[in-house]
Amino acid sequence: MNPINRIGTFYSDKFLEHDMPGHPEHAGRLTAITTLLHRRAADYVQPMSFEAATHAQLCRVHRLNYVRDLERSCAFGGGLLDGGDTYTTEASFDAAALAAGACIEATRVVMRGEFKRTFVLPRPPGHHAYADHAEGFCLFNNVAFAARCALDEFGLERVMILDWDVHHGNGTESIFYDNPQVLYVSLHQYGGIYPGTGTSNAAGWERGAGANMNIPLPEGVGDKGYLRAFNELIVPKARQFKPQLILISAGYDAHWRDPLANMRVSLAGFAQMTQQMVTLSDEFCDGKLVGVLEGGYDLEVLSHGVLATLQVMAGDSPNMIEDVIGMPKHELAVERLDSLFEQIKKTQKLA
Ligand SMILES: [Zn+2]
């Protein structure tokens, strides 16, 4: 295989030490992924080494008092945050700092040209974490460290984050909301689901105006609706912004079988979304693409979703298991998206 197609993959057993059995965001999620990748993707996956982010690196994204409070509370055994949804244990701070370090290193090796594409398998996930507090199973905002690394260490001026996790990445949006150098684009279920943010008129603030695009989808949208969003909104927005690096917040909870959401995306849909991002990165960024795992709570779907993403990133044709999992029965008619998409095009100044 052409070495350019190997994917630098960032994983550590320490990510398993942050765990609460019975919680949807438990360590078994990662074990399911790594077990399948070991069996099916050994040709693509290049395991990478990395170190925990230092306090100075953590403070590129988070407030120092939040970092210190989290470290102290974990040292005392951890507990429940965010009204009980987000847990910490005595291992959580170290796992989260290591996850941040993984995202930094995954960006560095891409920027240095050592790998064209990398994928990070961090826990806890990140996109709900704000600069000053934990939320939605997330402690530190993993993908934000990747973006900050590209801006601060390599002098990039335009980084795009595409977030296809089914939940709105409220933390990521908040961190970069006034930053014109980071285009945050989120596809998410809107209505009847956490966190309730991510309306289509939230398009950035002050200097960051125009560098935030929310695509709040009604429940039941399947592959066709997502691909329509790529063709009509995401690709034109990327062409307008011209990213120098693309990051994916890759959650797999928009799959029709996920227990926490009600979308109807299939594994083939995730493969097609990955292909769209690969094509965009080839067009603008010399192929530079970093994937960062977010949510996904059906273990079989999650592991095969990550496998499909890595296969497409590696340039291979994805190996679907739809015949095992089955396809969604009904999708929302894509015509139902007409008025929403028209409104987003207007807000985003897309012709
Ligand atoms: Zn999610």
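A residue counts as buried if 20 or more other C-beta atoms lie within 10 Å of its own, as exposed if 12 or fewer do, and as partly exposed in between. Leu-16 has 18 C-beta neighbours inside 10 Å, so this residue is partly exposed. The model described here is a predicted one. Leu-16 is found in the loop between strand S1 and helix H1. Its contacts, leaving aside residues up to four places away in sequence, are Ala-27, Leu-30 and Thr-31. Ala-27 is eleven residues from Leu-16 along the chain, yet the two C-alpha atoms are separated by 4.9 Å.

S1 and S2 (residues 45-47) are parallel and share three bridges. Within this pair, Ile-7 stands opposite Val-45 of S2. S1 also pairs with strand S5 (residues 117-120), again in the parallel sense and over three bridges. Here Gly-8 faces Thr-118 of S5. Phe-10 has Val-120 as its bridge partner in S5.

In a regular strand the side chains alternate between the two faces of the sheet. S1 spans residues 7-10; Ile-7 and Thr-9 point one way, and Gly-8 and Phe-10 the other way. Residues on both sides of the strand are buried.

These strands are part of an open sheet of eight. The order is S2-S1-S5-S10-S9-S6-S7-S8, and the pairing is parallel. S2 and S8 (212-217) stand at the edges with a single partner strand each, so one side of each has no neighbour in the sheet. On average, neighbouring strands are turned by 20 degrees against each other, direction ignored. Helix H4 (residues 92-111) lies across S1, S5 and S10 (289-293). The angle between H4 and S5 is about 175 degrees.

Two further helices, H8 (residues 267-284) and H9 (residues 299-313), pack with their axes 9 Å apart. The angle between them is about 35 degrees, and the crossing is right-handed. H8 contributes Leu-267, Phe-270, Ala-271, Thr-274, Gln-275 and Val-278 to the contact. From H9 come His-304, Gly-305, Ala-308, Thr-309, Val-312 and Met-313. Of the residues in this contact, seven are nonpolar, five are polar and none is charged.

Most residues other than glycine have a negative phi, and most peptide bonds are trans. The bond between Arg-123 and Pro-124 is cis, with omega about -10 degrees. Pro-124 is placed in the loop between S5 and helix H5 (142-154). A cis bond also runs from Tyr-194 to Pro-195, where omega is near -5 degrees. Pro-195 sits in the loop between S7 (182-189) and S8.

Positive phi values occur at Phe-137 and Asp-286, neither of them a glycine. For Phe-137, phi is about 75 degrees. This residue lies in the loop between S5 and H5. Phe-137 has 27 C-beta neighbours inside 10 Å and therefore counts as buried. For Asp-286, phi is near 55 degrees. Asp-286 is found in the loop between H8 and S10. With 13 other C-beta atoms within 10 Å, Asp-286 is partly exposed.

Conventions:
Residues are numbered from 1 along each chain as its sequence is written. This is a predicted model: local features need pLDDT of at least 70, side-chain atom pairs count only at pLDDT 80 or more; totals for chains, interfaces and linings use all residues. Helices (H or I, at least four residues) and strands (E, at least two) are DSSP runs, numbered from the N terminus. Two strands pair if DSSP finds at least two bridges between them. Axes are lines fitted to C-alpha atoms, for helices over the stretch in contact, and angles run from 0 to 180 degrees between N-to-C directions. Two residues are in contact if their C-beta atoms, placed from the backbone, lie within 7 Å. A crossing is left-handed if the near helix is turned anticlockwise from the far one by less than a right angle, and right-handed if clockwise. Ala, Val, Leu, Ile, Met, Phe, Trp, Tyr, Cys and Pro count as nonpolar, Asp, Glu, Lys and Arg as charged, and the others, Gly among them, as polar.
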